[in-house]
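Keep the viewer open as you read.

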Amino acid sequence: MDQNIPQVIQTVPLQYYVFFATALFSIGVLGVLTRRNAIIIFMCVELMLNAVNVLLTAFSAYRADANGQIFVFFIMAVAAAEVAVGLAIIVMIYRNLQNTDVNLLNRLKF
């Protein structure tokens, strides 16, 4: 193994990070495709973003390059903005419909 990789990172093989991120991303996609509650869909999208962050951090640590970890901070900033806008939209949908079921959103048409 490369001597630039920290000892803590060397104990877990890179394939485990890939399998873990794949499982997280798959759970997120499955949740987005099967659920109808807007809040759960929103949480599944965040789960998919976190799976990508895990992969970026793992590959960055294995290559001993900080560029992937810096990119994770930008993704987290975009995710924070997404949370603010997304929750505001969900609250407005709930105020209008008294429900967060995404199948009822066709009532919001003109």
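A residue is called buried under 20% relative accessible area, exposed over 50% and partly exposed in between (1.4 Å probe, protein chains only). Bear in mind that this is a predicted model, where local features need pLDDT of at least 70, side-chain atom pairs count only at pLDDT 80 or more, and totals for chains, interfaces and linings use all residues. Residues are numbered from 1 along each chain as its sequence is written, and side-chain values use heavy atoms, leaving out hydrogens and water.

Start with helix 4, residues 67–97; helices here are DSSP runs of H or I with at least four residues, numbered from the N terminus. Its buried residues are Gly68, Val72, Ile75, Ala79, Gly86, Ile90, Ile93 and Leu97. An α-helix has 3.6 residues a turn, so residues three or four places apart point the same way. Part of the cover over those buried residues of helix 4 comes from helix 3, counting contact as heavy atoms within 4.5 Å.

Now for the aromatics. Ring centres of Phe, Tyr and Trp (its six-membered ring) must lie within 6.5 Å to pair, with planes under 30 degrees apart called stacked, over 60 edge-to-face and the rest tilted. That rule gives one aromatic pair. Tyrosine 17 and tyrosine 62 have ring centres 6.4 Å apart and planes at 70°, so they meet edge-to-face. Because tyrosine 17 is in helix 2 and tyrosine 62 in helix 3, the pair ties together parts 45 residues apart in sequence. Tyrosine 17 is partly exposed at 23%, while tyrosine 62 is buried at 14%.

Definitions and conventions:
Helix = DSSP H or I, 4+ residues; strand = E, 2+ residues; numbered from the N terminus. Expected span 1.5 Å × (residues − 1).
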